[in-house]
Amino acid sequence: MTNNLDIFVGNTTLIDEEVYQLWLDGYSVNDAVTLRLRSGILEQTGATVDVLQSDTMDHYRTFYMLERLLHSPPKLLNQLLFQIPPYRQTMLIERYYAFDEAFVREVLGKKLSKGTKKDLDDISVKTGVTLKSCRRQFDNFKRVFKAVEELRGSLVENIQQHFLLSDRLARDYAAIVFFANSRFETGKKKLQYLTFEDFAYCAEQMIQNWTLGAVDTNVDDMDVDLDKEFLQGLKELKILITDKDLLDLHKSLVCTSLRGKISVFNEMEANFKNLSRALINIASKLTHSKDVRDFFVDLVEKFVEPFRSDKWSLNDVRLFLTQYTVCAHTLDAFRHQALWERYMGTLKACLLKMYHD
């Protein structure tokens, strides 16, 4: 009697996505085995604990060998050692560069240096993200920052080109690079209600409108550095608060346009000059690096908190900022129309994104 035996030989590298995630999350082999046991994998497959241990170790060994390629994703695509289908390569890269919201919130705006890396033990305890995972995420932020900080061209496109990330993840990394470069303060208690997504949205608005790249595509670091000439020009906006006639006329126009349209009209009318001074003073001080760092602190202290205190709705804030911007354009004595639009368009977008519980 003869037995027929079919044999298939292949060299495709096997990737278990669940084990890969356990590795990324910083679990040891033993901890990963324990978690896999809890998932009921032995009952599903009929394997033994020894086989599961061996399987997990084999996967971990593969991931460690892949890691040096993941540091420079184009190398993963061009190497021949590991036969990995393109869709799997994309998954490996995207997950390797993914990050925990709780972790990125702790390091956003900080210098990506050894000093910050020393704090990772405390951040790990605070966020519940394993130290190993914290180190991987921090090193990824630093690697991307170093790769793109001096490049010409779009920050998002440079990140995508060098690290092959999805558009959404590349935009998140662009925000991280932008915040690390300008060292925006994000850690104060009054800013804790803001999410990474809030900050990333504001970063995107500022990159698109306030950096050198917004006006000149042939300069170095165009999407990383704020446009110093633009920031210097913002001092010209002070005429809106130093010229009493102009301030009074601006107030009159805004009040006329908002009467009966917002629920906090009396509060807005009484506080108009204070609000206007705050909006213009923030602009005029952005030439100083400390004031740039405190940009979000100033927005919360001077607008978000007072608006909340007086119970402004989000629509009230939107209508006020819209009419405040539009009415300045109708002032004959105000000559800085393009500068005004460039400043207020971004400030309004940021404030509206930040105005929530």
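**Close-up 1. Lysine K353 over the ring of Y201 in the predicted model.** The view centres on K353, which sits over the face of the Y201 ring. The distance to the ring centre is 5.3 Å. As the model is predicted, this value is computed from its coordinates.

**Close-up 2. Arginine R136 over the ring of Y96.** Here the residue lying over the aromatic face is R136, and the ring belongs to Y96. R136 is placed 5.7 Å from the centre of that ring.

**Close-up 3. The aromatic pair F99 and F196.** The structure has 34 aromatic pairs. One of them joins F99 and F196 in an edge-to-face arrangement, with 5.4 Å between ring centres and 80° between the ring planes. F99 comes from the loop between α6 (86-97) and α7 (101-107), whereas F196 belongs to helix α13 (residues 196-210), so the contact ties together parts that lie 97 residues apart in sequence. Both F99 and F196 are buried.

**Close-up 4. Cysteines C255 and C327, without a disulfide.** The structure contains zero disulfides. For C255, the closest cysteine sulfur is that of C327, at 9.3 Å; a disulfide requires the sulfur atoms to be within 2.5 Å, so this separation is too far for a bond. Seen from C327, the nearest cysteine sulfur is that of C255, and C327 is likewise in no disulfide. C255 is buried, with a relative accessible area of 4%. C327 is also buried, and its relative accessible area is 7%.

Notes
Residues are numbered from 1 along each chain as its sequence is written. This is a predicted model: local features need pLDDT of at least 70, side-chain atom pairs count only at pLDDT 80 or more; totals for chains, interfaces and linings use all residues. Side-chain values use heavy atoms; hydrogens and water are left out. Rings of Phe, Tyr and Trp (its six-membered ring) pair if their centres lie within 6.5 Å; planes under 30 degrees apart count as stacked, over 60 as edge-to-face and the rest as tilted. Helices (H or I, at least four residues) and strands (E, at least two) are DSSP runs, numbered from the N terminus. Buried means under 20% relative accessible area, exposed over 50%, partly exposed in between (1.4 Å probe, protein chains only). A charge sits over a ring if NZ of Lys or CZ of Arg is within 6 Å of the ring centre and within 35 degrees of the ring normal.
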